[in-house]
Amino acid sequence: MIGLLASIFLFLIIAFRTNRNITGNQIVHIWLFTIAFQCTFDVFVEIKYDGYWYFDKEIEWIDLLPHLFIIPPVNMMFLNWYPFKSSMYLKGLYIFLWVIGILIYESLTLLPQPFGYFNYGWWKLSYAAVLDPFLFIFLLLFYKFICKLEKASS
């Protein structure tokens, strides 16, 4: 629980204090998209197939905290600092470094409680390593879609 609460506090502070590029409307879209996408994924991998879980295998209210307050601000930070006007090489390097950071963080969440709050069933860190770049690319596509919609409505 200590690790979860410290992460929430730290990620929220960093995401909102450093935000210079993402509008309020985009933040709401990213936040809701992230929650919906993660909850949809977790219904299958976490609940149906016991791939991983937060705290205990049982569904509890506390499981909402990572869904609501960990991944959305991380996605905000990722998008806020993304090098949109850089070369494909730098964009790829940026995604690669974020995946490394996410994998390190996920490893820390696997520590025993009170610092860790995440547990693996059959899921492995290597699965996340393969999946995370695609999730970041999907997030980027969604963000570009939001920007296109905003531009069209102006």
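Student: Which residues does Pro72 contact, leaving aside its neighbours within four places in sequence?

Tutor: We're looking at a predicted model, where local features need pLDDT of at least 70, side-chain atom pairs count only at pLDDT 80 or more, and totals for chains, interfaces and linings use all residues. Numbering starts from 1 along each chain as its sequence is written, and side-chain values use heavy atoms, without hydrogens and water. Pro72 sits in helix α4, with helices (H or I, at least four residues) and strands (E, at least two) taken as DSSP runs numbered from the N terminus. Counting heavy atoms within 4.5 Å as contact, the partners of Pro72 are Trp31, Thr34, Ile35 and His67.

Student: Is Pro72 buried or exposed?

Tutor: The scale is relative accessible area: buried is under 20%, exposed over 50% and partly exposed in between, with a 1.4 Å probe and protein chains only. Pro72 has a value of 0%, so Pro72 is buried.

Student: And how far apart are the C-alpha atoms of Pro72 and Phe33?

Tutor: Along the chain, these two are 39 residues apart.

Student: What angle do α2 and α6 make where they pack?

Tutor: Two packed helices are described by the angle between their axes and the distance between the axes. Each axis is a line fitted to C-alpha atoms, for helices over the stretch in contact, and the angle runs from 0 to 180 degrees between N-to-C directions. The axes of α2 and α6 lie 11 Å apart, and their packing angle is about 140°.

Student: Which hand does that crossing of α2 and α6 have?

Tutor: The rule is to see how the near helix is turned from the far one: anticlockwise by less than a right angle is left-handed, clockwise is right-handed. For α2 passing α6, the crossing is right-handed.

Student: How do the residues of the contact of α2 with α6 divide by class?

Tutor: From α2 come Asn25, Gln26, His29, Ile30, Phe33, Phe37 and Phe41, while α6 brings a list including Leu131, Phe138, Tyr143 and Glu150. For classes, Ala, Val, Leu, Ile, Met, Phe, Trp, Tyr, Cys and Pro are nonpolar, Asp, Glu, Lys and Arg charged, and the others, Gly among them, polar. The contact of α2 with α6 comes out as 12 nonpolar, three polar and one charged.

Student: What does Gln26 touch, not counting residues up to four places away in sequence?

Tutor: Gln26 lies in helix α2 and is buried, with a relative accessible area of 4%. Its contacts are Asn21, Tyr143, Ile146, Cys147 and Glu150.

Student: What volume does the largest cavity have?

Tutor: The structure holds one cavity of 30 Å³ or more. On a 1 Å grid over the protein atoms alone, a cavity is a set of points where a 1.4 Å probe fits but cannot get out, a pocket is an open set with protein on both sides within 12 Å along at least five of seven lines, and lining residues have an atom within 4 Å of a point. Points are joined across faces, edges and corners, and a volume is the space filled by probe spheres set on them. For the largest cavity, that space is about 680 Å³.

Student: Which element gives the most to the lining of that cavity?

Tutor: The lining has 28 residues, with Gln38, Ile71, Ile102, Asp132 and Leu135 nearest the centre. By class, 21 are nonpolar, four polar and three charged. With seven residues, the top contributor to the lining of the largest cavity is α6.

Student: And which element has the largest share of the lining of the largest pocket?

Tutor: The largest pocket has a volume of about 180 Å³, and its lining divides into six nonpolar, one polar and four charged residues. Five lining residues come from the element with the largest share, α2.

Student: What is the phi of Phe55?

Tutor: Phe55 is in the loop between β1 and α3, and at 9% relative accessibility Phe55 counts as buried. Its phi is positive in a residue other than glycine, near 60°.
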